[in-house]
Amino acid sequence: MSLSLILAALWVLAATIVAMLPMKHQYAPGIVLLIAAPFGIAYIGAQHGWIFAALGLAAFVSMFRNPLRYLYKRARGERPELPK
């Protein structure tokens, strides 16, 4: 298995562990994972091609759909509420 896929699997495990934390403890590690994901997806794409990068992107969007929805609404100028 290539280094990019090993790192991606570790990223998924880290994201799963962060999702199990209480909401108030999810923000800092969640932001780090959110920022790290595009670099990991690009690394997968460089080693394995665009199809695998697209699969990684689909998995990323699936796991982070709510934070991405929040960021999209903030970019449009809306003020969505944060969960408590």
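1. Leu-10 lies in helix H1. This residue is one of those that make a nonpolar surface patch of about 790 Å². The structure under review is a predicted model, and the points below should be read as describing that model.

2. The patch is formed by Met-1, Leu-3, Leu-5, Ile-6, Leu-7, Leu-10, Leu-13 and Tyr-43. Helix H1, which covers residues 3–20, gives the most to it, with six residues.

3. Ser-2 is placed in the segment before H1. Its side chain makes two polar contacts to be noted here: one of 3.2 Å with the side chain of Ser-4, and one of 2.7 Å with the side chain of His-48. When residues up to four places away in sequence are not counted, Ser-2 touches Gln-47 and His-48.

4. As to the overall fold, the secondary structure comes to four helices and zero strands. Read from the N terminus, the order of elements is α-α-α-α. The C-alpha trace spans about 40 × 30 × 15 Å along its principal axes.

5. Of the contacts between residues at least 6 apart in sequence, 57% join residues at least 24 apart.

6. On burial and surface, the protein has 84 residues, of which 17% are buried.

Terms used:
Residues numbered from 1 in each chain as written. Predicted model: local features only at pLDDT ≥ 70, side-chain atom pairs only at ≥ 80, totals over all residues. Heavy atoms only, no water. Patch = residues over 30% accessible without salt bridge, like charges linked within 9 Å, V, L, I, M, F, W, Y side chains within 5 Å. Areas by Shrake-Rupley, 256 points an atom, 1.4 Å probe, with all protein chains shown as cover. Salt bridge = Lys/Arg side-chain N within 4 Å of Asp/Glu carboxyl O. Helix = DSSP H or I, 4+ residues; strand = E, 2+ residues; numbered from the N terminus. Buried < 20%, exposed > 50% of the residue type's maximum accessible area, 1.4 Å probe, protein only. Contact = heavy atoms within 4.5 Å. Polar contact = N/O pair within 3.5 Å; in protein donor to acceptor, adjacent residues only side chain to side chain.
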